[in-house]
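Please read these comments with the coordinates open beside you. They are meant as a colleague's note.

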Amino acid sequence: MTDVPQTYDETGAVVHCKLFCVNDSQQAQVERLQSLIAEHTLPIILDIEVATERLTQKRRQQLSQASTQPILLLDDKDKLSWLSDGLSVAPEWDKLQRRVVSAGRKSELLLQAVKITSDSHVIDATAGFGHDSLILASTGAQVTMLEQQPLMALLLLVEQQRMSALPNWQKLMSRLQIINADALSYFASLKADDISNDGNAVDVVYLDPMFPEDSYQDNKTGKGAKVGKHMQALHQLAHPPTLDEERQLLNSAKAIVSRSAQGQGRVIVKRPQFAPLLADEPASESWHNEAVRFDGYFA
Ligand SMILES: C[S@@+](CC[C@H](N)C(=O)[O-])C[C@H]1O[C@@H](n2cnc3c(N)ncnc32)[C@H](O)[C@@H]1O
């Protein structure tokens, strides 16, 4: 065991991460990671180790259990993933290609709720693995992605860099801006003058905060979404907001979109279908399917 600070507590402390590489020839890739960390001033220190044995599933499980530090893996294809509870997770945006290409208001409930066009500017204030951001950006809109966890922000930045090298993805990648920040601090930093200025107006703030692990399914019927491996992993790192934090998040998001240029700003909140309303606040309109619900608050 090491005595580096525990980093799962959202205190803003420097995150000491173990990075396992599979061979010595990955130096260039490690340097690219270090440059991203420096360029975006991510509070991450990489503790690099070359794996001397094959990282089988059993070995991954052991590593996760033995380490107090988050673990990153750079595989033989230079793909970066986060080892959480023995599971390797990464944004894997290429796997969403078909969904992104065919995304429209018919196929994506999220796009029915946000009602954006290619002129819109959206803030995805809880970016996570960035999957919803991709759907939002598929419309041609500009998407500012906020992610409070430095480790997640690093995974997103690495994925954006990787996907930007693929010609089919370049335009979409150029519409994403990834920022490692807490949404509340970021909203507070946006000056009223800046965002009422036409070019900077925010049309939609999208919120998909964590919710308790047991709120994905209806208690009585057992219906609802199963928790996927990406969400399972996120539960190791981030916690659901308190009621007070929910109120602050919703109110400051509403304040941001109320300055939208056309006066048509909206805050859209994603919830599991049976979860309570964010901050107990009744929505102006809701959209749902068998797994999720989007609650809209119109400015
Ligand atoms: C449920 S996940 C979002 C999943 C995301 N919609 C996706 O498509 O992958 C919530 C994410 O928001 C982040 N988060 C929660 N509260 C935040 C805040 N106040 N500011 C910025 N990020 C936040 C968490 O760290 C976590 O990564």
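The points below take the ligand surroundings and then one serine.

1. This is a predicted model, in which local features need pLDDT of at least 70 and side-chain atom pairs count only at pLDDT 80 or more, while totals for chains, interfaces and linings use all residues. Residues are numbered from 1 along each chain as its sequence is written, and side-chain values use heavy atoms, with hydrogens and water left out.

2. Of the 21 residues around the ligand, those that come nearest are Asp132, Glu147, Asp182, Ala183 and Asp208, where a residue is near if one of its heavy atoms lies within 4 Å of the molecule.

3. An oxygen atom of the ligand lies 3.0 Å from a polar backbone atom of Phe129. The protein covers 94% of the 610 Å² of accessible area that the ligand has on its own (Shrake-Rupley method, 1.4 Å probe).

4. Ser81 belongs to strand E4, residues 80-84 (strands are DSSP runs of at least two residues, numbered from the N terminus). With a relative accessible area of 10%, Ser81 is buried, a term that means under 20%, with a 1.4 Å probe and protein chains only. Leaving aside neighbours within four places in sequence, Ser81 is in contact with residues including Ile71, Leu73, Val89 and Leu155, contact meaning heavy atoms within 4.5 Å.

Notes:
Helices (H or I, at least four residues) and strands (E, at least two) are DSSP runs, numbered from the N terminus. Buried means under 20% relative accessible area, exposed over 50%, partly exposed in between (1.4 Å probe, protein chains only). A polar contact is a pair of N or O atoms within 3.5 Å; within protein, one must be able to donate a hydrogen and the other to accept it, and residues adjacent in sequence count only if both atoms are side-chain atoms.
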